[in-house]
Every structure is written in structure tokens, then in C-alpha cells.
Amino acid sequence: MRIYKRNILSILSFLAISCTDIVDVEVQSAPLRLVIEASLNWEKGTLGNEQVISLSQTVPYFDELINNEVVGASVKVTNMTTGTEFEFSDQNDGTYKTSSFIPVLGNSYSLEVQHEGETYMAEETFSSVVDITEINQSTEQGFNDEVLEVNVLFDDPIDEDNYYLFRFKEQGDLLPEFVEISDEFTNGNQMTIFYEKEDDDSINQEEFVPGDSVDIKFYGISEQYYNYIQLLLNQYESVGNPFSTVPVVLKGNCTNPENPDNYAFGYFRLSEMVTASYSFQ
Amino acid sequence: MNIQQYRQLTLLFMLFTTFLFAQDSFTISGTIKDINNGETIFGASVFLKDTNIGAMSNEYGFFSITAPKGTYILTVSYLGYAEQQQEITLDKNQKLQFELKESSTELEEVIVTAEESERINIKSPQMSVSKLKIKTIKNIPVVLGEVDIIKSIQLLPGVTNTGEGSSGFNVRGGAVDQNLVLLDEAIIYNTSHLLGFFSVFNADAIKDIKLYKGGIPSRFGGRVSSVLDVRQKDGNNKHMAITGGIGVISSRLAIEGPIVKKKGSFLLAGRGSYAHLFLKLSGEDNSAYFYDVNLKTNYTLDNKNKFYLSGYFGRDDFSFGGNFKSGYGNLSGNLRWNHIFSSRLFTNLSLIYSKYDYALDFKTFEFDWLSYINNYNVKYDFSYYLNDTMKLDFGANIIYYDFYPGKIEPTSSTSAINPLELDEKTAFESGLYISVEHKITKQLSANYGLRYSRFSRLGQQTLVDYRDNLPVVYNETIGIYESGEEVGATYYKSGASIETFDNFEPRLALAYQVNDNSSLKTGYSRTSQYIHLLSNTTSVTPLDVWTPSGKYIKPQLSNQYALGYFRNFKDKTYTLEIESYYKTVANRIDYIDGSDLIGNNTIETEILTGEARAYGLELLLRKAKGRFTGWLAYTISKAEQRTPGGASGGLGINNGEWYNSAHNRTHDLSLTGSYKFNDKWTFGANFIYQTGRPVTYPDGQYEYEGLTIANYSPRNSDRLTAYHRIDISATWKPKGTSVKKWNSEWVFGIYNLYNRRNAASISFGQNRETGINEATRTAIFGIVPSVTYNFKF
């Protein structure tokens with residue numbers, strides 16, 4: 001439902017849209033914090049044994065995001081149901097890898113990261129995802145009924161609460177776009193998620209034309225991660241919207257039990273994933 | 001307390017007052033009107049020359065004074081009007097009607113004078129009140145020439161808002177929902193048109209406004225910060241009159257005139273903005289427009305009974321790209337009966353209805369959404385003019401609320417949306433009050449009163465029960481607030497009480513007259529508020545939902561203390577008001593991080609209860625006479641809130657520390673002036689300076705899922721740059737038109753003369769083309785010229 005709400009509010013803000021500009025602003029600088037990007041994805045039909053976890057550090061808001069990789073940490077994931085441990089080896093570029101991971105849907109896993117004498121912990125359950133039933137294109141869907149969009153269809157299971165994350169990226173684009181959705185208002189129905197682009201000169205964005213290709217990733221996620229990513233995306237996408245909610249500190253699930261104030265940003269998540277791509281006709 | 005008990009108490013009051021009749025003095029009562037249009041005059045002074053005995057006319061023009069037997073000279077005065085004197089021999093009760101004539105009946109009077117009622121009354125204990133005549137409001141330069149009551153009151157000390165294009169206003173650090181906005185006594189839930197760019201009040205239909213920032217009289221209740229009392233014109237009962245105007249944003253037309261052999265009159269006013277107004281602005285197939293209609297009629301049955309009927313209907317409609325439609329609006333009506341029981345007992349009975357609703361129609365997702373709040377209000381007010389030193393006001397009211405927070409309906413069989421109806425909520429709010437205006441000595445006068453308020457939240461409704469009765473719990477592991485665990489549900493049948501609250505609200509005001517020209521005043525008031533507007537966005541939106549107190553939401557309670565010094569200079573040409581205040585609000589709702597309010601049936605899982613406090617010093621220097629009139633208003637203030645975790649655990653929102661309220665502006669200065677150059681030309685100007693409002697900026701960044709994510713500093717710990725601008729206007733009244741009685745004027749205005757790009761908001765994000773972080777400023781109005789044509793005949 002967030003996507004509807006967010007769009008309602010951003011549409012209401014249309015009056016203000018045409019009067020924005022980029023300005024220099026002085027901002028505060030918070031003490032540095034560890035960031036754990038532990039998104040373990042298991043693509044359907046693969047073994048899921050290759051997994052990567054990235055560690056980095058925050059930097060001041062207007063600085064360049066470089067040289068902030070964290071090396072020399074130890075990273076370990078444990079299947080709490082079976083007790084199996086997976087060590088992730090330091091690649092000395094901020095990433096930590098394993099090739100022996102065993103994904104089991106519905107099992108609980110824990111993450112332990114040790115860095116500079118601090119221990120960070122997280123727990124999460126492996127979430128499954130349904131198949132995509134159809135991908136098509138149209139103009140009449142979406143916010144603008146004259147612009148092409150790609151539609152992804154899937155059937156929501158009726159007997160459970162489901163949470164999903166979509167990642168869309170047009171080939172050649174710098175940044176992906178995410179859509180998170182729950183079945184709160186649509187339980188048990190066939191659901192359609194669309195991805196549409198409108199012309200925007202200020203960021204050189206053009207609407208889709210035949211020949212454009214979009215890569216699609218579709219993840220199953222937990223309720224707690226849904227709440228996290230929803231807030232993250234809300235804040236990420238609130239630019240220029242005067243009706244946006246007051247931004248807040250984003251806390252993921254990576255805690256520091258010994259020193260709770262020194263928790264880590266980022267999230268430990270395990271998702272089953274479907275990937276697809278679509279070329280506009 | 002039920003209606004029957006109210007009735008008994010009311011009777012008791014009346015009996016009590018009747019006993020006090022037996023004195024050897026007599027009463028003069030009557031009504032004061034304008035001779036030109038028959039409008040009753042509120043705030044005219046009636047006094048017996050060379051005595052200390054006098055009174056002010058009330059909202060209905062009624063006055064009553066009581067004095068010992070004798071011969072007096074009765075003087076009736078109202079600034080801007082010719083004074084009337086009459087010798088009377090007081091040997092029996094008598095009724096007198098006065099019709100005052102404007103000092104210069106010509107529209108082109110040379111000397112401009114502010115209205116008497118706008119000036120301070122140094123004798124009256126009432127403080128923290130601001131009155132503006134519609135004439136004054138019309139002289140203030142405004143954006144796009146659209147006369148705006150809500151924007152005008154923001155030029156007064158102690159009144160701010162969260163920025164251009166935001167709805168509502170903030171009084172002495174209070175939130176938007178803490179203002180009781182009354183249009184002819186009917187509650188208005190949303191004062192904005194076009195999301196806050198304009199206000200719902202059509203100046204052509206309004207007689208005057210009164211804003212109580214504190215020292216709220218005990219006859220008002222239900223909101224903790226302020227009362228904005230807006231009164232519509234009664235309509236000209238002498239002859240037909242038409243006024244109208246054509247502006248950049250909207251056109252207006254009002255017609256008024258006598259009915260039933262001048263025993264009554266009516267006023268019908270309409271205003272509409274031009275459709276597709278912002279079509280070009282947004283470059284798409286979009287439209288946004290508003291309209292409103294004001295109606296008022298009155299009928300005088302005999303010299304003891306008068307009836308009034310007023311109504312308001314206003315709507316906003318938006319349409320975007322053919323796939324999204326939205327609309328919202330207020331509807332209200334009030335039937336009033338003025339009855340004069342005796343020359344000393346004036347009563348008014350009001351039956352009031354008001355409604356606010358909004359609707360969305362989202363074609364893209366094939367659903368629509370409807371939400372409304374309805375209320376019925378019965379009010380009976382008595383004014384008893386006891387003797388020459390005491391006046392009693394007492395009465396009762398009861399409001400029935402029906403909150404319908406929303407229904408989502410799929411609009412086609414292929415829609416993925418399941419129908420959903422949020423729980424309807426009902427409640428009764430009642431109040432019983434008495435207040436005494438008491439001239440204790442020649443120097444000291446007091447106004448003391450008490451209000452008893454009661455709120456009952458009623459079934460039928462099913463409420464969720466939570467483990468340990470906690471709808472919000474602190475997740476110790478990851479350090480965030482989240483929904484409590486549902487352990488069951490309780491069903492309350494129709495009419496069953498879910499929760500009842502009651503409060504005694506004392507109100508006290510004292511004035512000590514130091515000398516003929518200055519006085520000291522002090523006041524204390526306790527107020528309670530039982531309904532709350534849920535809004536976690538930076539500014540209030542039409543989608544925000546009103547919710548009643550109940551099992552999980554407690555009423556807001558406020559205490560306010562104020563102290564002031566009031567002075568007239570130079571034969572009342574200048575007035576100076578200095579006031580300081582300290583205010584606390586308990587049970588202020590705050591929203592947990594990431595709260596989700598729209599379409600949520602269990603709002604209690606998104607909120608925690610905290611407190612707010614505000615204090616400040618206000619200064620108002622006003623020039624009321626001469627070619628140049630205007631005022632300088634300056635406020636220095638602080639408004640904060642904090643929300644500890646309480647029973648939910650954890651430190652609380654923002655770690656339980658005090659943080660700036662969103663509308664906390666340290667300095668707020670406004671200078672407003674109007675200069676009458678000659679019969680044809682009048683010039684106006686404003687200067688406004690405000691500290692930027694508190695906001696939350698990022699204090700770090702990191703990469704996550706290929707995106708650059710901002711991390712934000714503690715709530716409202718940064719500030720926007722200062723807001724300032726100058727506006728000017730010129731009004732030209734051409735003379736010598738061939739049409740008799742046709743008066744017209746052209747108003748030329750320039751808003752934001754030096755085209756400052758005042759930031760309404762600054763948001764932070766990653767440029768999608770370059771990937772670099774940017775700060776984006778949204779500025780709403782740059783320099784905006786306007787022209788408006790007004791006519792009257």
C-alpha cells in the first residue's frame with residue numbers, strides 16, 4: 001500500500017514541483033558507523049552456494065563515497081536450525097565471500113561480524129517467493145496513460161501474509177529502482193506491479209521506447225525487513241515532496257549487544273529471488 | 001451527564017439569576033446597528049456619561065446596562081462612526097435601538113481609522129485576543145490578490161505556520177489541530193483551499209474575526225491552543241447590494257438585501273477559482289480548483305426573538321493525468337435563535353452541523369477512498385447582566401461526533417484491491433460553563449469562570465487488545481518501536497461507553513488599570529482537547545484523519561499562564577501590547593519512527609504519548625489613527641516536545657529528549673502598514689522575517705543495494721534558512737462613473753517584491769543521472785504580481 005500512499009502524497013505536491021533548485025546546505029556530521037550489507041539471495045533454479053556480504057563505513061553526507069570499505073573483519077553466518085556455520089572470507093576490498101552456503105527456505109540464520117573488537121549480531125529467516133506469471137507492457141496502466149510501462153504479474157498466496165521487493169533497472173541506467181509491497185490490501189489476488197518512467201530533463205530521464213530492456217529482480221522478504229526497506233525507500237524517494245514524513249534514523253537488524261549504541265547500519269536478509277528481463281516491443 | 005441533567009442545571013442558573021433582581025435600579029437594553037446596511041455592531045461601547053457604568057455590545061449587537069434610578073446622558077460610540085448621545089430618565093426598564101452612522105459615509109473618507117474593536121481595551125481583563133475587521137484584512141497585500149484571513153492572522157504576534165502553501169496556522173507553539181476554528185459557530189476542520197495556498201473564508205461574506213491565543217473564555221472548549229471565531233455578515237437589511245471582484249485566482253460575487261418587509265435580510269456569496277488554473281504549471285493534463293458558497297439569513301420575529309440561519313459549503317477538486325482524482329471540502333450549517341428573556345437576560349440557542357470529507361479516486365489501481373467527519377452540536381448560551389459591576393455568562397453544549405476514517409473500494413472487478421472499511425467511531429462531547437465579568441474596584445476587574453467538559457467514546461466498535469495493554473512496544477534487540485502483540489479483541493455494542501473522560505477547566509483573567517492609559521493583565525487557563533488530527537508529515541495534508549480520544553488515546557490537557565502590559569499613547573493614536581506566556585500540553589501524540597497512518601485501523605500501534613511546552617514574549621505596537629495605520633509585531637518564542645517510552649519501554653522518541661516542534665520559529669517579525677495618500681489612492685506594504693523552521697537534515701551517508709542512503713540527524717535539529725519578504729499593494733478608486741451608486745476599485749499587488757527564494761523545504765537525495773548527493777530546495781512563491789478588480793453597488 002505504501003506505493004499508493006506515497007504516490008497520492010507526491011501527486012498532491014505537484015503544485016510545488018516546478019519551483020525546485022539545487023542549493024548548498026551545511027549539514028551535521030555524525031560519528032562514523034559500520035554498514036553491513038548482507039543480502040543473501042537465492043535465485044530459483046540455482047544452488048545458491050555463492051554469497052557475498054559487504055562491509056563499509058559511513059561518510060559525511062556531501063563527501064565522495066570512496067575508500068570507505070572495511071577490511072580485516074571476520075564474517076560468519078550460521079543456520080540456527082541445523083547448526084551449520086559458513087565462514088565468509090575477506091577479499092580485502094570490503095567484500096566477504098563464501099562458495100559453500102546452503103540455503104534452506106524457512107530456516108533461521110544468524111550473522112556475526114567482528115570488527116575492531118566489536119561484535120555485531122543479526123538474525124533473520126529465509127523468505128520464499130512465488131513465481132512471476134506474466135510480464136507484459138502497456139500504456140494505459142501506470143500514472144500516465146500515454147507512457148509505456150512494463151507490468152509484472154504474480155499470484156499472491158491467500159493463506160499467509162506476504163511481503164515482496166522488486167528491483168527494476170533499465171539496461172544502461174546508473175541506479176536501480178525498488179518497489180516494496182505487501183498483500184495487506186490485496187491478499188490472495190493476482191497482483192500487478194508496473195514500472196514506468198516519465199521524461200525528466202533535469203536528470204536526463206526518458207520514457208520507455210520500443211527496444212529498451214529492463215532487468216527485473218523479485219524477492220520474498222520478511223515483515224520486519226519490509227518495514228525497514230519501506231522506510232528506507234520512503235526517505236530515499238522523498239526529494240522535493242513537502243508532504244513527506246519527517247526523516248528518521250534508519251535502524252536495521254544488526255545490533256551490537258555489548259555496546260548497543262554502536263549498532264551497525266544495513267540489514268541481514270535472506271530472500272528467494274526470481275530474475276527476468278523484458279524488452280519493450 | 002445527560003441532556004436532562006443539563007436542562008436542570010440550566011434552570012438552576014436561571015432561578016439563581018432571577019433572585020438577584022430585587023434592587024432599586026433599572027435597565028436599558030437594546031441593539032446597535034449600522035445605519036447603512038443594518039449589520040449589527042459587535043464591540044460598540046455604551047456608557048452613562050460621568051459614571052463608571054457601561055457595556056460593550058455582544059456578537060448580536062445586544063447590550064444591557066443597569067444603573068440606579070436617575071437622569072443620565074447615554075453615549076454610544078464605535079470608532080469610525082459618529083458618536084450618539086441621548087438624555088434618558090431612568091425610572092423604568094427601557095429598550096433602545098441605535099443606528100450608528102459612519103463618520104464619513106463616503107467610501108472615500110480621507111482619514112483612515114482602525115476600528116474601535118481592534119484596539120485594545122485596557123480596562124477589560126480579556127487578554128491574548130486579536131480582532132481584525134474585514135476592512136483591515138482587505139488592505140493587507142496578499143499573494144495573487146486573494147484576500148486571506150488565515151494569512152492575515154499570521155501577521156499578528158504569536159501566530160505562525162509551517163511555511164507557504166501549508167495548511168492551517170500555529171498559535172503560541174501549538175499544533176494546527178489545536179485551533180478551534182469556528183465559522184458562525186460551526187467547527188471547520190480544514191481551513192485551506194488548494195492544500196494551504198488559500199483559505200476557505202471568502203472575505204466578502206465575513207464581518208469580523210476574533211482570535212483568542214490564550215485566556216480563552218470558558219464558553220469555548222475542545223481545543224487547547226486557540227479559538228478563531230469567524231462571523232459572517234448578516235446581510236444588508238436596508239437595500240439590495242451587490243459586491244464582487246475579479247482576481248487572478250478567483251472571481252467573487254455576493255448579493256445581499258432585505259427580506260419580508262425588512263424584518264430580515266440575507267446574504268449569498270460565492271467564489272470560484274478558475275479551473276485548470278495550474279494546468280500550465282504542471283505541464284500535464286491536470287487541474288485543480290476550488291469554490292465556496294456562503295449563506296446567511298436572519299429574521300426578526302419581534303423585539304424579543306430573532307432567528308439566524310447560516311451555511312457554508314466549500315470544495316477543492318484535483319485531477320491528474322486522467323488517472324487520479326481527489327476532492328475535499330467542508331460543509332456547515334447553523335440555525336440560531338436569539339431570545340431576550342428580559343432586558344438583562346440575553347440567550348442564544350444554536351443547532352449546528354458540520355462535516356469535512358475527502359475522497360480519492362485512483363484509476364491506476366482501480367480503487368476509490370472516502371473518509372469524513374460529521375458532527376451535530378447543540379449549544380445554549382446565556383448572558384445575564386446582573387448589575388453595574390457584574391455580568392454572567394453561562395451555558396451548555398453537546399456535540400455528537402461521527403468519525404468515518406475511510407473506506408477503500410475496488411472500482412472494477414479486475415482490481416487487485418480488496419475492499420476495506422476502517423472502523424467508524426462515535427463520541428459525545430459536552431460542556432457546561434459559567435463565567436463572571438466583575439468590576440471589583442475602579443482599577444481592578446476580573447473575569448473568572450469554570451468549564452466542565454466531558455467526552456464519551458461510544459460503541460459500536462471492536463477494539464484490539466494488546467499484550468500488557470501496550471499497542472506499541474520497544475524491540476530491545478534492534479532498538480526500534482513496533483506494534484504490540486494482539487491478544488484478542490473486545491466488542492462494544494452500539495451506544496456502550498468505551499471510555500469516558502471529564503475535566504474541570506478553570507479560567508481566570510485579571511486587569512489592573514495603572515492609570516488612564518495603561519494596565520497590567522494576567523491570566524490562567526486550563527483547556528482540554530478530546531479529538532486529535534493524526535499527521536506525521538511535515539505539513540498537514542487533507543488526507544490527515546481526525547481521531548477521538550478513547551481506550552488508547554488520552555485527551556490533551558493544557559495549562560497556560562500569561563502576563564501582559566497594555567498602553568495607549570498620544571490620545572490613543574498608538575497602542576502597545578506586551579505579553580509573555582508559558583504553556584504546557586500533556587498527552588500530546590507523537591509518531592514512532594516509520595509510522596504508517598493512512599488506511600490504518602489500529603492507529604494506536606503507531607503512536608506514543610508525550611508532552612509539549614512553549615513560552616515566549618510578544619510585542620505589538622499599533623498605530624490606529626491617521627493617514628498611516630498599521631502595526632509592528634514581534635515574537636520571540638520556543639516550542640518543544642518530548643515523548644518518553646513510558647510503559648512501552650525504551651528511551652522514547654528521539655531518545656526521550658526534548659526536540660523542537662516543527663513550527664518553532666525563534667524570531668518572528670512582521671510590519672504591516674497602510675497609507676491613505678488621497679481619495680483615489682491607498683498603499684499597503686508588509687515586511688515579514690521569520691527564523692527558518694526546524695527540519696531534519698542528513699548527517700552521513702552509505703551505500704546500500706546500489707543506492708546512496710542518507711542517515712538523518714536527531715529530529716528537527718537543523719533549521720531552514722530564514723524566511724523573509726516584502727509585499728506591496730496599491731488600491732485605486734476611480735471617481736465619477738456614470739452609473740449611480742457604482743463603486744469600484746482596482747487593487748494592484750506585488751508579493752515577494754525582491755523575489756527571494758524562501759525555502760519551503762529542503763530535501764536530500766541522490767541525483768539519478770550522476771549518482772551524486774544533492775540538496776533540493778522547494779521554494780513556492782517568487783515575485784508574484786497581481787491585479788484584482790472589485791465592485792459594489
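Colleague: In chain B, in which helix is confidence lowest?
Modeller: This is a predicted model, in which local features need pLDDT of at least 70, side-chain atom pairs count only at pLDDT 80 or more, and totals for chains, interfaces and linings use all residues. Residues are numbered from 1 along each chain as its sequence is written, while chains are lettered from A and ligands numbered from 1 in the order in which they are written. With pLDDT being the predictor's confidence in each residue, from 0 to 100, and helices (H or I, at least four residues) and strands (E, at least two) being DSSP runs numbered from the N terminus, confidence in chain B is highest in strand S11 (residues 179-183), at 96. At a mean of 49, it is lowest in helix H4 (residues 279-282) of chain B.

Colleague: Which element gives the most to the side of domain 1 of chain A that touches domain 2 of chain A?
Modeller: An automatic or database domain assignment sets the bounds, giving domain 1 (2-10 + 129-241 + 273-279) and domain 2 (34-127 + 246-270) of chain A. Between these domains, 13 residues of domain 1 are in contact with 13 residues of domain 2. The elements giving two or more residues to the domain 1 side are strand S14 (213-221), helix H3 (223-236) and strand S15 (265-279) of chain A. With 6 residues, the element that gives the most is H3(A).

How values were computed. Two residues are in contact if their C-beta atoms, placed from the backbone, lie within 7 Å.
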